[in-house]
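Work through the exercises below with the model open. Each task is followed by its solution.

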Amino acid sequence: MDIADKKLADYKKENELVDTGDVKGLKIKQIESISNRILEAEQNSQKLQNDLLSIKVADGSVDDLLAIEELRTAKEISAIQDSLSANESNIQSLSLIYTDKHPKLVKANEFHQKLKTQLKEKIDVSIQQKAFELGNMENFIKLSEDELKEATDELRVIEEKESGMMKFAREVESSKKLYESLRYCQSQIGPKLARKEK
């Protein structure tokens, strides 16, 4: 029994094992967490790829670009669109009263052009941000996949070590049972032999 206990203790020391159960459980949770992170990142990456494909198809057309929900609902872009809409109404009202060359109408048209330029600039910035986000997302997925592989490899090593430890633990348990059986036999046979000797 002492030999089996020593083998188990030596195996634990060699493989730096204290209690693989908790370590294994934590490693499994880590793997699940990384996997969920990768799935979420892949969904976001797919959405960004779809948006960038739609942007490419739009080929610079502001109206087509504004059909992309992510661009259309962006706060700054939405504010400029509201200003454009209000300014268009103002231009229509002024057109009923003044000629095209009137300073108020000229100023409103200039402001309208300025808003269109701002809108295009904001859309371009948003597109650049999307491309940048996609690059970051792809890097994040790659790093997470590397981390997942490392965690999976570590789990495999833990399971191998645990398997080896269980072999020695069973040997210890068998030795204990054998020892207890021998003690029981000795306690039963010992008194009978003593009586026979008398």
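Predicted model: local features only at pLDDT ≥ 70, side-chain atom pairs only at ≥ 80, totals over all residues.

**Exercise 1.** Describe the secondary structure of the protein and how much of the protein is buried.

*Solution.* 
- Step 1. Count the elements: six helices and zero strands.
- Step 2. Read from the N terminus: the order is α-α-α-α-α-α.
- Step 3. Of the 198 residues, 25% are buried.
- Step 4. Take the contacts with a separation of 6 or more: 77% of them join residues 24 or more positions apart.

**Exercise 2.** Find the residues that touch the most other members of the largest nonpolar core, and trace the contacts of Ile-77.

*Solution.* 
- Step 1. This core has 19 residues. Ile-55, Leu-65, Leu-71, Ile-77, Leu-119 and Ile-123 touch the most other members.
- Step 2. Two or more core residues come from each of α2, α5 (75-97) and α6 (103-197). The largest share, seven residues, belongs to α6.
- Step 3. Leave out residues up to four places away in sequence. Ile-77 then touches Leu-66, Leu-71, Leu-119, Lys-122, Ile-123 and Ser-126.
- Step 4. Another core, of five residues, lies apart from the largest one. Its members include Ile-31, Ile-34, Ile-38 and Ala-151.

Notes. Residues numbered from 1 in each chain as written. Heavy atoms only, no water. Helix = DSSP H or I, 4+ residues; strand = E, 2+ residues; numbered from the N terminus. Buried < 20%, exposed > 50% of the residue type's maximum accessible area, 1.4 Å probe, protein only. Contact = heavy atoms within 4.5 Å. Core = buried A, V, L, I, M, F, W, Y, C linked by side-chain atoms within 4.5 Å.
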